[in-house]
Amino acid sequence: MFINSGLLEYAKKRRTTFLLSVFFGLLSGFAAIAIAFFLSKGINDVFLLRKDLSDVSNITTLFIAASFLKAVFIILKEYFSNKLSAEIKIELRSKLIRKLFSLGPVHISGEKRGELANTISNGVEKIDVYFSRYLPQLFLSALIPLSVLVFIFPIDFLTGVIFLLTAPLIPFFMYLIGTAAEKQSKKQWKSLSRMSAYFFDVLKGITALKIFGRSKDEIKKIFDVTNDFKNRTMKVLRIAFLSALALELLSTLSIAIVAVEIGLRLLNSGLEFQDALFILILAPEFYLPIRQLGTGFHAGLDGVSAFARIDRLFSRQIDGKNISEINNQIVNSCELINFKNISFIYKERKENALNNISFEIKRNEKVALVGHSGAGKSTIFNLFLRFIEPSGGIIFYNGKDIRLIDVNDWRTKISWAPQSPHIFNGTIKKNIALSKPEASDKEIIEAAKNADIHETILSFPDGYDTLVGEDGGKLSGGQIHRISLARAFLRDSEILLIDEPTANLAPASERKILSSIEKLTKNKTSLIIAHRLNTIMNADKILVFSKGKIVESGKHESLINTGKYYRALYETYQRSAV
Amino acid sequence: MIARLFKILKLTKGYFWWMSFAALLGFFTVGSGVGLMMTSAYIIAKAALHVHISELQIAIVGVRFFGISRAVFRYFERYVSHEVTFRLLAEFRVWFFKAYERIAPAKTKDFTSGDLLTRVVSDIESLEHIFARVIHPPAVALAILVSLFLFLWKFGIVFSLIFLASFFVAGFIVPIFTYFMSKNLGEKIISLRTKLNELVVDGISGISELLAFNQAENFGADFGETQRSLAEAERKMSVIDGFNESAIELIMNLTVITIFIFAVPLVNANLLDGVLLSVLALGIMSAFEAVMPIPLSVQYVDKSVRAGNRLFEITEMQPAEDIPNDSATPDSFDLQTEDLTFSYDKIQNALNDISFLLPEKKKIAIVGASGSGKTTLANLLLAFWRTNKGNIVLGGKLYSRLSGDEIRKYFSVISQNVFLFNATIKENLLIAKTDAADEDILEALEQAELKEFVESLPKNLDTFAGEHGKQLSGGERKRMAIARAILKNSPILICDEATSDLDSITEKKILDTILRVVKNKSLIYITHRFADLDKFEEIYVLENGRIVERGDFKSLLQNRGKFFELFESQRQLVV
């Protein structure tokens, strides 16, 4: 409970830094002992031995030197403990990001985005305190008092005994109160995350709230939610502070007892004044590290709770069969892709998104996927991109189970133009080059020209270096799609996955996009989730999806005569066109 | 900066007595510590002179008292100051939201989601610390300074002055010095943290693209680079922090030794009781506890002012709608605009002389390419913005006489982006009618043709719609909006590009549903698509903010004007 074994592993990897931080902390403790010694000697010399200033000049010089040394040791301790926590933060954040990537977009879609970001940013920040304040302090809280005792026992056995008896009470109290506080602290962390997510949500949904005349109600609700958080937190703190109270009381009362005890013995000449003063000056130093641990303890608990959430993410596994043997060989060019008896079920849903479907795509074939939204078309893409693994069935590439191919190698074969492309913070150039970061400017411009976005980009003040903000705020929907197509052109891969835009696009923009898609898919193996009739009519094969099944497949000419579903779809298309 | 700080402090005005109370408790805490050490030193020094035990009785009681009172005061100080802190948090949140509610959504379009997240959540949380970090420590330190200054005067003004000078250096000069030393570094850390945060949000939002294009590693490298720069800056900062911490202790020790050096000749000359040597030394040592947290306060002043500035930037915006004090209510639901003209920036008109009439229960369509002013029109009808020129009249009452909330009572909206809260489906529907019973909700879902879907979900109505309603498809989200509109039961429905992000099959189905549920209501159907426009009694064609053509579907086609032109271009596109 004092040391979280999961977190300790991270410190163990950086043993030297950690030990240096403890070492300098310990040295600063020794400096404090020296300071107490010189001060008590100086006062004793003047007070009882009636010496004058010149007699004590050596002592004062030593006192000043020890003070400066202590300052330096503190800085060094601070430096190393922060170095430790900084390195661990880097490791945790990188590991988290890697974990999210290995889980993939479909598996993290159940998590709240804000909460994930909060865990990576603020959650890890909480762990900082665990390593910079708590863990080194934990060691120092044992080492410094022990060192002080080494000096005190020879001087005054009784005080040594008092110190020795009271000190272990502190961890005991911490243990007693800590368990309850830990539980509460976990709850509080959850409630903090939820509250942030809630506040964020309300701010984002303000338009909806206003339309329904609910925005003013939220004022009270925000107050209540925050108040609720306050009450929860105060409950944690009431206990956390109680531990601090007990700790504080222990040390102050011990000082009081020691002061009275040594005072009385001084009266009876059982003790020298200088020793008594030395003990009194040192008494706060004896308890200080343990008390500091008490304050760091709460922060340490926060770190442990934050770590629990992080650890939960680390331990999240993807369902589906694991195939251990992965062939890292370069994938040969695409001849045939088979989906064999593929099924898939999303966690939140009762029904299969895909139900035992099979189809094949030959080299340079253009395959159109059609059907109502939710019929399973996007699931095919997700499977193809290997964001998810089928719950049943196997996808074959040139006769080989694709799970045997390294996922990164596999994805280099594919270009993807999604329904809602993400525009990253950065320049337009960088956004296009996403699909091929090593591309030359010439290649990027060529791709932009092919996607019919070159002219538009040139019309921006900074051209290709124009910064596009979060979610591509400065670009229109059509422009975003064209950037996404430019990415696909630039990548120039064998296989294309295209989700035709359905969004609100200006007719001119839409026309450009469609002709770009046509150009792009020429002589490529492509899968298109189609929303346009001409796409369908040009397809080599049409797969008609309904409720997770392929109900009909074939070319337009044959389907129009034989396909019941297809004809119905086609008729709606035609009607909606007019 | 000071002016800004005061502006922030003004927000805490209501908590003055709470804060003073906490500061008083803080003073007693440190004071008890000083008392404990002074009386302890007094006891041993006196005892060393072998006085009679009765002379120590009072001091012994004092030591015990201070030993207990310090801990108790500390407990209450912390408790009260945390209570104040959280009350302030609620206060700040509500303060911000109230202002935000006035200006949204008209003025908040430019804010990006991640920006808002950092801004509001973390800025308000940094303001939250303004009491504990910025106000409290200096208040306590000042109280200690004054009381010890007066106490030391009894033994010689020189001691008071030494104490004053060193307290000033430790509590003011050192913090200010380190503040300026770390200012740039602090700024760098903040901007790197923001960058890191943005990267995280960006990476999570764009995870699909990063994976599909094999860029996860590059992203990781970028991310690692930012982290390393941040760590580098933070490490430098830790040295400054260490300096801060140790400098105060160093000054404390130097003060003790200076007072000692001044006191020795006085003691030698019997002008000062030797007992006081240890009393003063230990007392001064414990008094410095009060300045320990001040360097942090100075850093927080800066942090708070920055956070405050960003928040004020939002809260001080003028709302786009003014709130009339007239509490008129419309007599009917006829909606009419007269020569409506509107400009966002006063340079270019987004709308010009728009006039149309929508009698109760009539259905009209407004078509036009994107950028033609359709959404602006919707925003004006919903009173998110107010017109510059011309009028909107609802049921015989001018919009300028109606409050925004009043106007919006009569409208439901289905827009392209249906916002779903991070809440259950039921809660998401209840915002339309808070007191709706489950039967009403199910009825609305049935009408919206979403009941079957909801019932197929594992937790039915209590299923979480998830952030951005990820689990719901575009069509399903639109049906959620329809269900909300049914529950709200307002006389006029505005569909603002409600179906244009859907495939044409889903689009048609959704439109059918909409037309069915608004049978007895007015409908304004804003679109750039021409499908099914024959179902509307009147169509207005919008181009560059003007109505260029109007009429029913047939006559517009026969006119062979703008409508025909747009229609043809779209038709060719699809077939």
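**Chain A, the interface, and a surface patch**

In chain A, which has 578 residues, 59% are buried. Keep in mind that this is a predicted model. The secondary structure of chain A comes to 19 helices and 12 strands. If we take the contacts in chain A between residues at least 6 apart in sequence, 78% of them join residues at least 24 apart. As for the surface, chain A exposes about 23100 Å², and 57% of that is supplied by carbon and sulfur atoms.

Let me pick one residue from the chain A interior. Thr379(A) sits in helix H10 of chain A, residues 377-384. Is Thr379(A) buried or exposed? Its relative accessible area is 5%, and the cut-off for buried is under 20%, so Thr379(A) counts as buried. What does Thr379(A) touch, leaving aside neighbours within four places in sequence? The contacts are Phe344(A), Tyr346(A), Ala353(A), Leu354(A) and Ile388(A).

Now the interface. The size of an interface is often given as the accessible area lost when the parts come together. For chain B and chain A, the buried area is about 14500 Å², with carbon and sulfur atoms giving 69% of it. On the chain B side 166 residues take part in the contact, and on the chain A side 151 residues.

On the polar side, 28 residue pairs are in polar contact between chain B and chain A, counting pairs with both residues at pLDDT 80 or more. How many salt bridges cross the interface of chain B and chain A? The rule finds 10. One of the salt bridges pairs Lys216(A) with Asp405(B), and the closest N and O atoms there are 2.6 Å apart. Within chain B, the element that gives the most to the side touching chain A is helix H8, residues 216-268, with 30 residues.

Last, a feature on the surface of chain B. A nonpolar patch is formed there by Leu142(B), Val146(B), Leu150(B), Trp153(B), Ile157(B), Leu161(B) and Leu164(B), and together they have about 650 Å² of accessible area. Two elements of chain B give two or more residues each to the patch: helix H5, residues 130-153, and helix H6, residues 157-205. The largest share, four residues, comes from H5(B). Leu142(B) is in that helix, H5 of chain B. With a relative accessible area of 54%, against a cut-off of over 50%, Leu142(B) is therefore classed as exposed.

That is where I will stop.

How values were computed
Residues are numbered from 1 along each chain as its sequence is written. Chains are lettered from A and ligands numbered from 1 in the order in which they are written. This is a predicted model: local features need pLDDT of at least 70, side-chain atom pairs count only at pLDDT 80 or more; totals for chains, interfaces and linings use all residues. Side-chain values use heavy atoms; hydrogens and water are left out. Patches are made of residues with over 30% relative accessible area and no salt bridge: like charges are joined within 9 Å, nonpolar side chains (Val, Leu, Ile, Met, Phe, Trp, Tyr) within 5 Å. Accessible areas come from the Shrake-Rupley method with a 1.4 Å probe; for residues, only the protein chains shown count as cover. A salt bridge is a side-chain nitrogen of Lys or Arg within 4 Å of a carboxyl oxygen of Asp or Glu. Buried means under 20% relative accessible area, exposed over 50%, partly exposed in between (1.4 Å probe, protein chains only). Contact means heavy atoms within 4.5 Å. Buried area is the accessible area (1.4 Å probe) that two parts lose on being put together, summed over both. A polar contact is a pair of N or O atoms within 3.5 Å; within protein, one must be able to donate a hydrogen and the other to accept it, and residues adjacent in sequence count only if both atoms are side-chain atoms.
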